[in-house]
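Here's a quick briefing to read alongside the model. Have the sequence and the 3D view open as you go.

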Amino acid sequence: MKYIDEFRDGEVAKTLALKIARLAQPERSYSFMEFCGGHTHAISRYGLSDLLPPNVRMVHGPGCPVCVLPIGRIDMAIDLALKQGVILCTYGDTLRVPASEGLSLMKAKARGGDIRMVYSTLDALQIARDNPEREVVFFAIGFETTTPPTALAILQAHQEQLSNFSVLCCHVLTPAAISQILESPEVRQWGTVPIDGFIGPAHVSTVIGSRPYEFFAEEYRKPVVIAGFEPLDVMQAILMLVKQVNEGRAEVENEFARAVSRDGNQKAQDRVAEVFELRREFEWRGLAVVPYSALMIREKYGSFDAERRFKMDYQSVPDNKACECGAILRGVKRPQDCKIFGTVCTPENPVGSCMVSSEGACAAHYSYGRYKDMTP
Amino acid sequence: MSEVKRGYVRPLDLKHGRVDMTHGSGGRAMVQLISELFTRHLGNAYLGQGNDGAVLPAAVLNGKPARLVMSTDCHVVSPLFFPGGDIGCLSVHGTLNDVAVMGATPLYLAAGFILEEGFALAELACIVESMARAAHAAGVPVVTGDTKVVERGKGDGIFITTTGVGVLPDGLELGGARVRPGDVVLVSGSMGDHGVAIMSQRENLSFEASIESDTAALHGLIAQLLATGADIRCLRDPTRGGLASTLNEIAGQSGVGMMLHEKAIPIKPVVAAACEFLGLDPLYVANEGKLIVICAAADAPRLLATLRAHPLGVDAAVIGEVMADEHHFVQLTTAFGGRRIVDWLAGDQLPRIC
């Protein structure tokens with residue numbers, strides 16, 4: 001496969017692994033957080049941690065859009081489908097996220113909710129055009145990557161004066177979450193997060209560029225390498241981070257120069273800015289309430305805002321007390337340190353956010369790596 | 001004089017007609033549907049008798065007493081027609097393969113149809129003709145069947161249940177519980193073709209993938225494998241849940257673990273690309289004409305040669321080995337030299353958001 005196989009060459013990976021092992025100084029330890037679930041998935045699926053020396057540890061961050069969606073937000077979507085009778089459209093793995101009363105969107109569908117999986121916002125728009133007598137709501141979740149398509153859908157609906165289409169907007173922002181990891185009150189409670197650097201998500205940076213990360217590098221003295229999601233991208237990023245740490249540098253480097261620039265995609269940013277504004281605060285599953293960490297639809301496009309159209313108020317729902325997702329998302333604990341990991345909380349019956357999608361830290365460890373906990 | 005059929009006045013309008021509730025009523029319309037469509041295409045001496053069941057000869061294989069193997073499978077695929085096949089041939093192949101992987105020679109099929117009111121008779125005719133071609137090519141007749149019609153909105157056009165009966169020679173024992181550490185795992189060809197062919201046709205997913213379903217009857221290939229006299233422990237067709245789920249099932253039945261080698265697992269580039277695009281893992285995607293063979297290590301080379309000599313096994317490969325593991329993990333050495341579990345799937349595979 002052109003542009004795929006080149007980044008999955010096992011021999012190149014071994015060479016990179018050798019370089020990392022040579023550069024990693026034995027007397028120190030390196031902890032790097034891959035913020036994005038896409039990287040977590042790649043690391044687990046390709047067994048990359050087996051290629052790293054023992055003193056280079058990967059910490060799985062909160063960058064899985066499904067995992068960080070709080071229960072209360074799923075409850076709102078379920079309410080729209082079951083009580084308001086709307087056609088609720090959403091992306092695939094959102095369907096399995098557990099909500100209140102043992103429900104999920106998938107279970108709500110079985111109870112009669114008209115819930116449809118779509119592959120793009122265009123599909124949701126088409127469903128609205130095809131069903132003029134029904135209210136169609138797109139349940140919009142995700143980071144900066146999925147935000148521009150939602151903005152375009154709203155602009156398109158506005159242009160067409162599509163009066164039965166609206167969006168339940170739950171888009172969140174990467175930089176705000178990284179800040180929260182580094183300086184939230186919980187960090188003081190749980191101790192310093194042992195993170196020596198970040199792997200930044202390339203797909204987010206194709207939209208926002210690498211510039212927003214420069215603040216972290218400078219302010220927190222943490223190196224950031226923006227990397228693609230192929231296993232060789234990840235290995236290369238780790239090598240670049242080890243080099244920066246060794247040299248005492250804390251800079252933003254771009255491993256994914258094939259698509260990411262410093263300023264990103266200005267057109268996409270303009271569309272997003274046209275349609276959305278910052279929310280004062282937004283609750284993240286596992287990270288609590290994070291100020292200015294999410295987007296809401298501007299007044300101008302308020303008729304496409306499902307929260308306004310259906311007069312919905314967000315109700316926070318607490319996570320299971322035994323769940324350690326908060327500490328795991330910050331890198332303070334590992335999935336296997338959680339008491340309910342693999343017993344009460346499994347991919348079939350996820351309790352905490354990290355177990356929900358295959359990109360979550362707990363699900364990735366359960367599905368790909370738990371043999372390490374059981375074999376000598 | 002115009003031709004008037006005995007028993008009813010007008011022949012079925014297979015071009016423009018639609019299934020209606022009378023086709024499942026047990027009355028004349030149902031008899032007409034059965035005789036003009038099902039019996040016409042699937043007909044044979046047993047089905048033609050029109051009884052509630054078929055009376056079949058006792059189980060004898062090559063003049064020796066044998067055991068009967070029976071298997072049944074429901075088919076609810078959507079879309080009904082897809083590149084490389086349709087629900088009709090799929091319903092024949094799926095059940096034949098379930099009988100054949102037991103080591104049995106499939107002899108007879110039964111077919112149950114649940115039709116939705118309003119379903120186009122033209123489509124039904126295509127499906128029945130496809131079934132007939134598949135059954136004829138396999139040499140296995142449909143000897144009895146049943147038809148029900150449900151109201152519009154209570155079905156998905158058509159559901160087909162097929163049941164297969166085959167004979168198993170005394171002394172031949174194959175099964176998921178017979179696998180032992182040291183055994184070798186082979187597959188007869190590329191993984192995930194059927195599932196990707198189906199997905200490429202879903203109404204809200206239009207990507208250009210020139211991939212056809214691998215739907216096929218495997219009993220001919222299996223007969224050749226058995227004829228080698230090799231020590232085959234288990235045969236399985238990795239349908240729903242794909243290679244990963246089937247191997248996890250066998251590992252659990254036998255209480256063993258497995259180590260697969262990612263580089264050795266045949267996956268067509270177009271299937272890999274489609275799965276990449278959708279965020280799916282081809283190891284979990286369905287196949288309808290592929291075989292997993294687990295055998296004693298010493299017999300693997302000749303079984304591999306036998307597989308590759310057959311048109312349905314040209315891409316066969318040894319993909320891993322069985323090992324002792326109290327946790328029954330199916331593991332994989334990645335192309336990178338790393339290791340990971342190939343776990344049971346938690347629910348359906350769903351496309352990732354980004």
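Leaving out neighbours within four places in sequence, Cys169(A) is in contact (heavy atoms within 4.5 Å) with Arg73(A), Ala140(A), Phe276(A), Arg279(A), Leu295(A), Met296(A), Ile297(A) and Glu307(A). Bear in mind that this is a predicted model, where local features need pLDDT of at least 70 and side-chain atom pairs count only at pLDDT 80 or more, while totals for chains, interfaces and linings use all residues. Residues are numbered from 1 along each chain as its sequence is written, chains are lettered from A and ligands numbered from 1 in the order in which they are written, and side-chain values use heavy atoms, with hydrogens and water left out.

**Around Cys169(A)**

- Cys169(A) sits in strand β6 of chain A, residues 165-171; helices (H or I, at least four residues) and strands (E, at least two) are DSSP runs, numbered from the N terminus.
- With a relative accessible area of 1%, Cys169(A) is buried (buried is under 20% relative accessible area, exposed over 50%, and partly exposed in between, using a 1.4 Å probe and protein chains only).
- Cys169(A) and Asp305(A) are 136 residues apart in sequence, yet their C-alpha atoms are 7.4 Å apart in space.

**Confidence in chain A**

- Chain A has a mean pLDDT of 90, and 96% of its residues reach 70 or more; pLDDT is the predictor's confidence in each residue, from 0 to 100.

- Thr174(A) belongs to helix α7 of chain A, residues 174-183, and is buried at 0% relative accessible area.
- Not counting residues up to four places away in sequence, Thr174(A) touches Phe35(A), Phe143(A), Glu144(A), Pro201(A), Val204(A) and Tyr213(A).
- Helix α5 of chain A (residues 121-130) has several buried residues, including Thr121(A), Leu125(A) and Ile127(A).
- The buried residues of α5(A) pack against β3 (87-90), β4 (114-117), β5 (136-142), α6 (147-160) and β6 of chain A.
- Ser120(A) caps the N-terminal end of α5(A), with a side-chain oxygen 3.2 Å from the backbone nitrogen of Leu122(A).

**Where chains A and B meet**

- How many residues does each chain bring to the contact? Chain B gives 31 and chain A gives 46.
- The size of an interface is often given as the accessible area lost when the parts come together.
- Chain B and chain A bury about 3200 Å² between them, 62% of it on carbon and sulfur atoms (buried area is the accessible area, 1.4 Å probe, that two parts lose on being put together, summed over both).
- There is one salt bridge between the two chains, meaning a side-chain nitrogen of Lys or Arg within 4 Å of a carboxyl oxygen of Asp or Glu.
- That salt bridge pairs Asp343(B) with Arg370(A), with the closest N and O atoms 2.8 Å apart.
- On chain B, α7 (269-278) and β14 (339-341) each supply at least two residues of the side that touches chain A, and α7(B) has the largest share, five residues.

**Salt bridges within the chains**

- Over all chains, a search of the whole structure finds 33 salt bridges.
- Arg249(A) pairs with Glu253(A) in a salt bridge, the closest N and O atoms being 3.2 Å apart; Arg249(A) is partly exposed at 22%, while Glu253(A) is buried at 18%.
- In chain B, the side chains of Lys290(B) and Asp193(B) meet in a salt bridge at 3.5 Å, N to O.
- This pair links distant parts of the chain, 97 residues apart: Lys290(B) is in the loop between α7 and β11 (292-295) of chain B, and Asp193(B) is in helix α4 (residues 193-199) of chain B.
- Both Lys290(B) and Asp193(B) are buried.

- Most residues other than glycine have a negative phi, and most peptide bonds are trans.
- The peptide bond from Ser78(B) to Pro79(B) is cis, with omega near 5 degrees, and Pro79(B) lies in the loop between β2 (64-75) and β3 (81-82) of chain B.
- Glu101(A) has a positive phi near 55 degrees and is exposed at 73% relative accessibility.
- Arg221(A), also not a glycine, has a positive phi of about 55 degrees and lies in the loop between α10 (214-220) and β8 (224-227) of chain A.

Notes: A polar contact is a pair of N or O atoms within 3.5 Å; within protein, one must be able to donate a hydrogen and the other to accept it, and residues adjacent in sequence count only if both atoms are side-chain atoms.
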